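Let's read a fold together, one feature at a time. Have the sequence and the model open side by side as we talk.

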Amino acid sequence: MRHRASCQCGALSLEAVSDPELVIACNCRACQRRTGAAFGVGVLFPRSAVRIEGDSRAWSRVAESGRQMTSHFCPVCGTSLFWLPEMRPGHVIVALGCLETEVAAPSRVIWAEAQHDWVRFPEHLPHYEKAAP
Ligand SMILES: [Zn+2]
Ligand SMILES: [Zn+2]
């Protein structure tokens, strides 16, 4: 399956020629700030299957694991399109909201401790208080 994703203005986009390996709903404060939304949803692809088009600016933070998390955003419109976790080298995580194609629903929920009271995910999903082990 081929997936495309782009920023709001279209200057930064990517194509993934693979099915996602994982779809994760994350309630952490960093994802809340990155998206401006109640939670972020990340779609994990193998790095080798992803071709990025356009310039991006990068910003890194240290995740609770102690590893770097580098977000790439469009220098024109500021959309955070994808990020590269040092924890998972060889992978790209793409912001679900930027995808033009449908992917499966999240299969896990992380950072449940920061989840807003009114947010509900299906109960059958594994929930982790912090990052998944
Ligand atoms: Zn843009
Ligand atoms: Zn997060």
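**Reading the fold**

A: In this predicted model, the secondary structure of the protein chain comes to 1 helix and 10 strands.

Q: Which pattern does the protein chain follow along the sequence?
A: Reading along the sequence gives β-β-β-α-β-β-β-β-β-β-β.

Q: How do I read a sheet, and in which order do the strands stand here?
A: Strands of a sheet pair through backbone hydrogen bonds, either parallel or antiparallel. Here 7 strands make an open sheet, ordered S6-S7-S8-S9-S4-S3-S10, with mixed pairing. Strand S6 (57-62) and strand S10 (108-110) are at the edges with a single partner strand each, so one side of each has no neighbour in the sheet. On average, neighbouring strands of this sheet are turned by 30 degrees against each other, direction ignored.

Q: How many bridges join S6 to strand S7, and in which sense do they run?
A: S6 and S7 (residues 68-73) run antiparallel and are joined by 6 bridges. As a landmark, look for Val-62, which stands opposite Gln-68 in S7.

Q: What should I look for in strand S1, and which residues are on its covered face?
A: In a regular strand the side chains alternate between the two faces of the sheet. In S1 (residues 2-6), His-3 and Ala-5 make up the covered face, while Arg-2, Arg-4 and Ser-6 make up the uncovered one.

Q: How do S1 and S2 pair?
A: They are antiparallel, with 5 bridges, and Arg-4 has Glu-15 in S2 as its bridge partner. The two strands form a hairpin with 6 residues between them, and Gly-10 in the turn has a positive phi of about 95 degrees.

Q: Which residues of the largest nonpolar core touch the most other members?
A: Among its 17 residues, those are Leu-14, Leu-81, Phe-82, Ile-93, Val-94 and Cys-98. Strand S2 (13-17), strand S4 (40-46), strand S8 (80-85) and strand S9 (91-95) each give two or more residues to this core. The largest share, 4 residues, comes from S9.

Q: What does Phe-82 touch?
A: Leaving aside residues up to four places away in sequence, Phe-82 touches Leu-14, His-72, Val-92, Ile-93, Val-94 and Ala-95. There is also a second, separate core of 10 residues, including Cys-26, Phe-39, Val-41 and Ile-110.

Q: How does the radius of gyration relate to a compact globule?
A: A compact globule of 133 residues would have a radius near 14 Å, and the protein chain has 14 Å, so the two agree. Along its principal axes the C-alpha trace spans about 35 × 30 × 25 Å, and 29% of the 133 residues count as buried.

Terms used
Residues numbered from 1 in each chain as written. Chains lettered and ligands numbered in written order. Predicted model: local features only at pLDDT ≥ 70, side-chain atom pairs only at ≥ 80, totals over all residues. Pairing = 2+ DSSP bridges. Axes fitted to C-alpha atoms, helices over the stretch in contact; angles between N-to-C directions. Core = buried A, V, L, I, M, F, W, Y, C linked by C-beta atoms within 7 Å. Buried ≥ 20, exposed ≤ 12 C-beta atoms within 10 Å, placed from the backbone. Contact = placed C-beta atoms within 7 Å. Rg over C-alpha atoms; globule rule 2.2 N^0.38 Å.
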